[in-house]
Amino acid sequence: MSRLYEWKEGELKDYLSTFLERHPCKAVSEVVYCPTLERYAHAVREHRPNGVVLTEEEIKKHWAGELIRGAMAYVICDPYALGLHRPAGIFVFSAIGRFDLEEILSILRDHEYVHASDWAEGISISSKRKITLMNCENLSPDVIHYVMEVRAYENQLKSMPDNVKDRRIYRIASRNYAWNVNRLRERLKMDLPSSFERRVIREFLTSNSSP
């Protein structure tokens, strides 16, 4: 059953401005609401990794891309800080306004916070292995992305109460969880992965429990 939700003017902005205060996470430095290109550009400049310079055209291109794909939120990950315990910012877009309070909590706290925590602490593959700066170069960026999404969607699905399983938010998370798991399985069938990457994927899929 579909659910529609309408936020009053300014209500979503006010809610997101105090989200981190109400739901603290040591891996998150700030939750930034970016409803306009101007606010997004300002946030990008504030949170960009050291040494990374983006032109106005590049920022506009990224912004347009997020609008096209209907992005709700994402974590700004510094590629040189994986596993170094540095907190990251979360950009939130106006598309998240299609969801209610309970659903936004699921998207941000139960999904995006997992990304931020994984990047700060190292991405857990199993009880014995993490992806950090020490070994990430031995894995393709796609594999790292798939693993992170599986972990975040798994946590999101496991955290959802039974009364949301007839909602769009549950269907989206379930579909995306399965899609990313399948991408990892497909990767094992390719000739490209190194023996290390194959070992990591198999270890992760074996340790990962379906929600």
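Modeller: Axes are lines fitted to C-alpha atoms, for helices over the stretch in contact, and angles run from 0 to 180 degrees between N-to-C directions. Helices (H or I, at least four residues) and strands (E, at least two) are DSSP runs, numbered from the N terminus. The model is predicted, with local features requiring pLDDT of at least 70 and side-chain atom pairs pLDDT 80 or more, while totals for chains, interfaces and linings use all residues. Residues are numbered from 1 along each chain as its sequence is written, and side-chain values use heavy atoms, leaving out hydrogens and water.

The pair consists of helix H3 (residues 37-47) and helix H4 (residues 56-68), which pack at an angle of about 115° with axes 10 Å apart. Contact means heavy atoms within 4.5 Å. On the H3 side, Leu37, Tyr40, Ala41, Val44 and Arg45 take part, meeting Glu56, Ile59, Lys60, His62 and Trp63 of H4. By class, this contact comprises six nonpolar, one polar and three charged residues. Here Ala, Val, Leu, Ile, Met, Phe, Trp, Tyr, Cys and Pro count as nonpolar, Asp, Glu, Lys and Arg as charged, and the others, Gly among them, as polar.

I turn now to the sheet. Strands pair if DSSP finds at least two bridges between them. The open sheet has three strands in the order S1-S3-S2, with mixed pairing. Its edge strands, each pairing on one side only, are S1 (28-33) and S2 (73-75). From one strand to the next, the twist averages 15°. Helix H5 (residues 101-121) packs on this sheet and touches S1, S2 and S3, its direction making about 25° with that of S2. S2 and S3 (residues 88-92) are antiparallel over three bridges; Tyr74 has Phe91 in S3 as its bridge partner.

The cysteines remain. A disulfide is counted for a pair of cysteine sulfur atoms within 2.5 Å, and the count by this rule is zero. For Cys25, the closest cysteine sulfur, in Cys77, lies 12 Å away, so it is too far for a bond. Cys136 likewise has its closest cysteine sulfur in Cys77, at 12 Å, too far for a bond. Buried means under 20% relative accessible area, exposed over 50%, partly exposed in between (1.4 Å probe, protein chains only). Cys25 is buried at 17%, and Cys136 is buried at 14%.
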